[in-house]
Amino acid sequence: MRSCSEYQELISRLLDEDLSADEQAELERHVSGCAECRAMLDAFRSLSGALAEDLEEVPAGLHESIMADARREALRRRQAPKRVRRFLAMAACAALVILAAAANLPKLQHDAAMLAAPKEAASTETAYLEAADETTAEAPAEEPAEAEPAASASDRGEQYAADDAAAYAGAVEEPNMPEPKPEPVPESEAALPAEAMPEPEPGSLPILGYELPYPEPLPEPYNALPEPAAPEPYAAAAPDPDPAPKAAAIEEAAPGAAPGAVIEHRVLFRVLFLIGLPLSGAVVLLLFLKPWKKHK
Amino acid sequence: MTREQEETCIRQILNGDVNAFEGLVTAYEKNAYNLALRMLGDPQDAEDVTQEAFLKAYQSLSSFRLDSRFSVWLYRIVSNLCLDQLRRRQRRPEQSLTVENDEGEEAQQDVPDENFSPEALLERKLTREAVRRGLDALPDEQRQILLLRELEGMSYEEIGQALSLEPGTVKSRIFRARKRLCVWLLRDGNLPDAFSSKQEEGGVAR
C-alpha cells in the first residue's frame with residue numbers, strides 16, 4: 001500500500017500517460033475510496049487544461065523577422081567561401097599578368113632600344129627597372145638575387161639577368177610553378193659570368209629551340225648611353241655608393257657578351273610563360289566556374 | 001508536422017534551401033513563443049527569445065541529430081534562453097517583471113503545504129490570469145519543466161534528454177511543480193470564488 005502522497009505522484013504521472021496498466025488500476029482503486037486524492041486528480045486535470053489552452057498568437061512580424069535572420073545567415077554562409085575564392089582568383093589573375101609582362105618585357109625593351117633614341121631608350125629602361133622593382137617588392141625573399149648582380153654588375157646582359165630574375169620573382173606567386181634551378185651554362189658560348197644566370201632545365205631547351213625573333217646583339221645606341229644624363233638604373237633600387245666604376249663596367253661590356261645572356265633569358269621566360277600561362281588560366285577557370293560544385 | 005516531413009525539411013535546409021526553414025518556423029513558432037511568454041511573462045522578451053532561438057536552431061541545425069523531434073530540440077533552446085534571461089534579470093532586480101509587491105513577496109516564501117485541500121481549488125475558478133501569475137511564482141526550473149510537459153507535450157523521456165535529467169527526477173519535479181502551483185492558487189486572493197463567474201469560465205479561459 002502506498003501513502004496518499006505517493007498516490008498523488010501517480011496522479012501526476014497518470015496525466016502524463018506514464019503509468020503501467022497495473023499502476024493505473026491500483027491508482028483507480030485508491031482514488032475511488034479517497035476523496036482528497038480524487039480532488040487532487042481533478043485539480044491537476046483542470047490545471048493541465050488551463051496551462052495548455054488559449055495559446056497567444058505570435059506577434060505580427062515575428063515570423064518575418066525569423067525568416068530574415070535565417071536568410072541573412074544563409075547568405076553569410078554562402079559568401080564566406082566565395083570571398084576566399086574571389087581572393088584566390090584575383091591572385092591568380094595578378095600572377096598571370098605579371099607572368100605575361102615578365103615574358104614580354106625583354107622583347108619590349110629590345111624593341112625600344114632598337115627603335116628609340118638613346119635618351120628614350122634610357123627612360124624606357126628606367127621604367128622597366130621600376131616595374132621590376134615593384135614586382136620584387138612583393139617577394140622580398142628573392143632580394144639577394146637582385147642585389148648581387150647589382151653589386152657586381154659587369155655587363156649589360158647580367159643586368160638583364162637581374163631584372164628578369166626580379167620580374168620572375170614577382171611571378172613566382174603561382175603556387176604550382178616548378179622552381180627553376182640556376183645552373184651554370186654548360187656550353188659557355190659567351191665569355192660571360194655564368195654563375196649569376198638562371199637557366200631552364202637542359203631538357204626543355206631543345207623543344208623550344210633557339211629560333212629567337214631577336215637574334216641581334218644589343219644595339220649600338222644602347223652601349224652609347226650618355227652616362228651622366230641617363231638616370232642610374234640601380235640608384236633607386238640599391239643605392240650604389242660608387243656609381244662611377246659601375247658605369248665604366250657597363251661601358252666595358254662587350255657587345256658580343258650581352259646577346260648570349262639576353263637570348264638565354266628570352267628562352268627562360270618563354271619556358272616560364274608557356275608553363276605559367278596555362279597554369280594560371282586553369283586556376284582562374286577552376287575558381288570562377290567551380291566545376292566541382294553541382295549546379296542546381 | 002510528422003517526423004518524416006520534419007526530416008525532409010531539415011535535409012532540404014542542410015542542402016542550402018533556406019526556404020524550407022519556413023515550414024519549421026510556421027509549425028513551431030506559436031508554441032515556442034508561448035513557451036517563452038509563460039517562462040518570462042513579458043511579450044517583448046518572449047518575442048526576442050523566440051527569434052533568437054530560431055536563429056540558433058538554424059545556425060546549429062547541422063549538429064541536430066534526427067533521433068529526436070525538431071520541436072523538442074527547439075523548445076529546449078527556447079527554455080534555456082529563457083532561463084538565461086531570467087538569471088540576467090535576477091542580477092538586475094529592478095527589471096524584474098514577475099512579481100507585484102504585495103503578492104510577490106509572499107510568493108518567494110511559498111512552501112508547498114502538505115495539508116492543502118484540493119477540493120478548495122475546485123470550488124474556485126481557475127482564471128487564465130491567476131494561472132499565469134501562479135506560473136510566475138514557481139521557481140524557474142519548475143516552471144520550465146512543467147511548461148515543457150503541459151504546453152509542449154513533451155514526454156518524460158524527451159524532457160530528460162532536453163534537460164539532461166534522469167527520468168525519475170523528471171517525474172518528481174513535474175509532480176512538485178503541479179502541487180506547488182495548486183498550493184499557490186489556493187492562497188487567498190489568488191483565485192476568485194467559483195460561484196461569482198462560473199458561467200463565464202469558457203469565455204474567459206478561451
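Tutor: In this predicted model, a nonpolar core is a set of buried Ala, Val, Leu, Ile, Met, Phe, Trp, Tyr and Cys residues joined through C-beta atoms within 7 Å.

Student: Which residues have the most contacts inside the largest nonpolar core?

Tutor: The largest such core has 65 residues, and those with the most contacts inside it are B:Ala32, B:Ala36, B:Ala53, B:Leu74 and B:Val78, while its largest share, 11 residues, comes from helix 2 of chain B.

Student: What makes B:Ala53 a partner of residues elsewhere in the sequence, once its neighbours within four places are left aside?

Tutor: Two residues are in contact if their C-beta atoms lie within 7 Å, and B:Ala53 is in contact in this way with B:Ala32, B:Leu74, B:Ile77, B:Val78 and B:Leu81.

Student: Why is helix 3 of chain A called roughly perpendicular to helix 10 of chain B?

Tutor: The two helices pack at an angle of about 95°, with their axes 10 Å apart; because angles of 65 to 115 degrees count as roughly perpendicular, helix 3 of chain A is roughly perpendicular to helix 10 of chain B. The contact is made by A:Ala43, A:Phe44 and A:Leu47 on one side and by B:Arg178, B:Leu181 and B:Cys182 on the other.

Student: How many residues of each chain take part where chain B is in contact with chain A?

Tutor: There, 37 residues of chain B are in contact with 33 residues of chain A, and the elements giving two or more residues to the chain B side include helix 2 and helix 10 of chain B. That side divides into 21 nonpolar, 5 polar and 11 charged residues.

How values were computed
Residues are numbered from 1 along each chain as its sequence is written. Chains are lettered from A and ligands numbered from 1 in the order in which they are written. This is a predicted model: local features need pLDDT of at least 70, side-chain atom pairs count only at pLDDT 80 or more; totals for chains, interfaces and linings use all residues. Helices (H or I, at least four residues) and strands (E, at least two) are DSSP runs, numbered from the N terminus. Ala, Val, Leu, Ile, Met, Phe, Trp, Tyr, Cys and Pro count as nonpolar, Asp, Glu, Lys and Arg as charged, and the others, Gly among them, as polar. Axes are lines fitted to C-alpha atoms, for helices over the stretch in contact, and angles run from 0 to 180 degrees between N-to-C directions. Angles under 35 degrees count as roughly parallel, over 145 as roughly antiparallel, 65 to 115 as roughly perpendicular and the rest as oblique. A residue is buried if 20 or more other C-beta atoms lie within 10 Å of its own, exposed if 12 or fewer, and partly exposed in between; C-beta atoms are placed from the backbone.
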